[in-house]
Amino acid sequence: MAASKSSSSSLSPTALVFMGLLALQFGIQPIVTKKFTSPEIIRSTVIFTQEIVKLLIAMIGITLNTSTKWKDITSGWSIQSWLRLALLPATIYLIQNLCSLLAYQNLDAITYNVLNQTKTLSAALCCFLLLGKRQSKLQIVALVILLVAALVMEGIFPLNLEYYMNYLSNATAAADSNETTKFSLSSRHVSHGVLPIMLASFLS
């Protein structure tokens, strides 16, 4: 019985292949997107084309699936049902896509992927606020590690000991001369990169 349970819970070779492909897509997508989306492009056109392609792929998949019929799928569709069920999610998805594209253009691939994983933090927050579901101590530790990783990627929380030694010496010198020191980030890097991807992650 134990052997059958362990074998049923293990991943099949097909699952491992698809997991590998998903990881590959996750890694190269920011690089490819940034390469082929210059700052001069019209973002709304890119988003519109992207959604049209997704729609066509979905339609082809439904058409090729012999177990489903268009008549069954579209039965009950109306303008009222669309406004009631799809308008808000579609609007949120549109904002998310625009923010993601803006972040693609202004962040390197590693920074984008790390900051994009802060969606786990927003998901945990929404689960607590909306569903009242608390996280375990181990889950909280994992979320804190994720937050620290995002701060390290942005240079807000460097892991270099020399950085802190220099910061302390500069702070001491500034205190002696009645000056102030502060950490500064490129305003465009924050407004066109960090904030959009954080918003997109939260909306996702």
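**View 1. The largest nonpolar core of the predicted model has 10 residues.** Its members are Cys99, Ala103, Tyr104, Leu107, Tyr112, Leu115, Ala150, Val194, Ile197 and Ala200. A nonpolar core is a set of buried Ala, Val, Leu, Ile, Met, Phe, Trp, Tyr and Cys residues joined through side-chain atoms within 4.5 Å. Buried denotes under 20% relative accessible area, exposed over 50%, and partly exposed in between (1.4 Å probe, protein chains only). Two or more core residues come from each of helix H6 (87-106), helix H7 (109-116) and helix H11 (187-203). Helices are DSSP runs (H or I, at least four residues), numbered from the N terminus. This is a predicted model, in which local features need pLDDT of at least 70 and side-chain atom pairs count only at pLDDT 80 or more, while totals for chains, interfaces and linings use all residues. Residues are numbered from 1 along each chain as its sequence is written, and side-chain values use heavy atoms, leaving out hydrogens and water.

**View 2. Cysteine 99 and its contacts.** Beyond its neighbours within four places in sequence, cysteine 99 is in contact (heavy atoms within 4.5 Å) with Pro196, Ile197, Leu199 and Ala200. Among the buried residues of H6 are Cys99, Ala103 and Tyr104. The cover over the buried residues of H6 includes helix H2 (13-36), helix H3 (43-64), H7 and H11.

**View 3. Cysteine 126 and cysteine 127.** The whole structure contains zero disulfides (pairs of cysteine sulfur atoms within 2.5 Å). Cysteine 126 is in no disulfide, and the nearest cysteine sulfur, that of cysteine 127, is 7.2 Å away, too far for a bond. Cysteine 126 is partly exposed, at 26% relative accessible area; cysteine 127 is also partly exposed, at 26%.
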